[in-house]
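Dear colleague,

Please find below the structure that I am handing over to you. My findings follow it.

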Amino acid sequence: MQCMRCSRELDEFDIGCHLKLIHRGATAFLCRECIAKDIGWTREEMDRAIRRFQEQGCRLFPPLREAEP
Ligand SMILES: [Zn+2]
């Protein structure tokens with residue numbers, strides 16, 4: 001699946017961000033670059049938010065691996 005705006009190949013984080021931040025019932029997705037631009041976040045803020053969602057156990061994102069700090 002590709003970003004509906006820039007055609008970048010999407011990964012599970014892009015899709016998780018779209019479902020979490022844009023629209024829970026989405027069937028077409030933006031990559032997290034495009035989402036960050038839309039909501040006025042930097043990529044760094046986006047990465048931090050993703051990390052926070054993972055720490056909260058949000059099931060829209062892959063679980064944090066125990067080996068990671
Ligand atoms: Zn995009």
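A residue counts as buried under 20% relative accessible area, as exposed over 50%, and as partly exposed in between. D11, with a relative accessible area of 30%, is therefore partly exposed. Please note that this is a predicted model.

D11 forms a salt bridge with R32, their closest N and O atoms lying 2.9 Å apart. This pair links distant parts of the chain, since D11 sits in the segment before α1 and R32 in helix α2, 21 residues apart. R32 counts as buried, at 13% relative accessibility. A second salt bridge joins the side chains of D14 and R8 (3.4 Å, N to O). Here D14 is buried, with a relative accessible area of 0%, whereas R8 is partly exposed at 34%. R8, D11, D14 and R32 are linked in a network of salt bridges. In general, side chains of opposite charge can pair when their charged atoms come close.

R32 also belongs to the contact between two helices: R32, E33, I35, A36 and I39 in α2 meet R43, M46, D47 and I50 in α3. The residues of this contact comprise 5 nonpolar, no polar and 4 charged. The two helices, α2 and α3, pack at an angle of about 105 degrees, and are therefore roughly perpendicular to each other.

The largest nonpolar core has 18 residues, and those with the most contacts inside it are C3, C17, M46 and F61. Its largest share, 4 residues, comes from α3. Among the residues that C17 touches are R32, M46 and F61.

Yours sincerely

Key: Residues are numbered from 1 along each chain as its sequence is written. This is a predicted model: local features need pLDDT of at least 70, side-chain atom pairs count only at pLDDT 80 or more; totals for chains, interfaces and linings use all residues. Side-chain values use heavy atoms; hydrogens and water are left out. A nonpolar core is a set of buried Ala, Val, Leu, Ile, Met, Phe, Trp, Tyr and Cys residues joined through side-chain atoms within 4.5 Å. Buried means under 20% relative accessible area, exposed over 50%, partly exposed in between (1.4 Å probe, protein chains only). Contact means heavy atoms within 4.5 Å. Axes are lines fitted to C-alpha atoms, for helices over the stretch in contact, and angles run from 0 to 180 degrees between N-to-C directions. Angles under 35 degrees count as roughly parallel, over 145 as roughly antiparallel, 65 to 115 as roughly perpendicular and the rest as oblique. Ala, Val, Leu, Ile, Met, Phe, Trp, Tyr, Cys and Pro count as nonpolar, Asp, Glu, Lys and Arg as charged, and the others, Gly among them, as polar. A salt bridge is a side-chain nitrogen of Lys or Arg within 4 Å of a carboxyl oxygen of Asp or Glu. Lists of a residue's contacts leave out its neighbours within four places in sequence.
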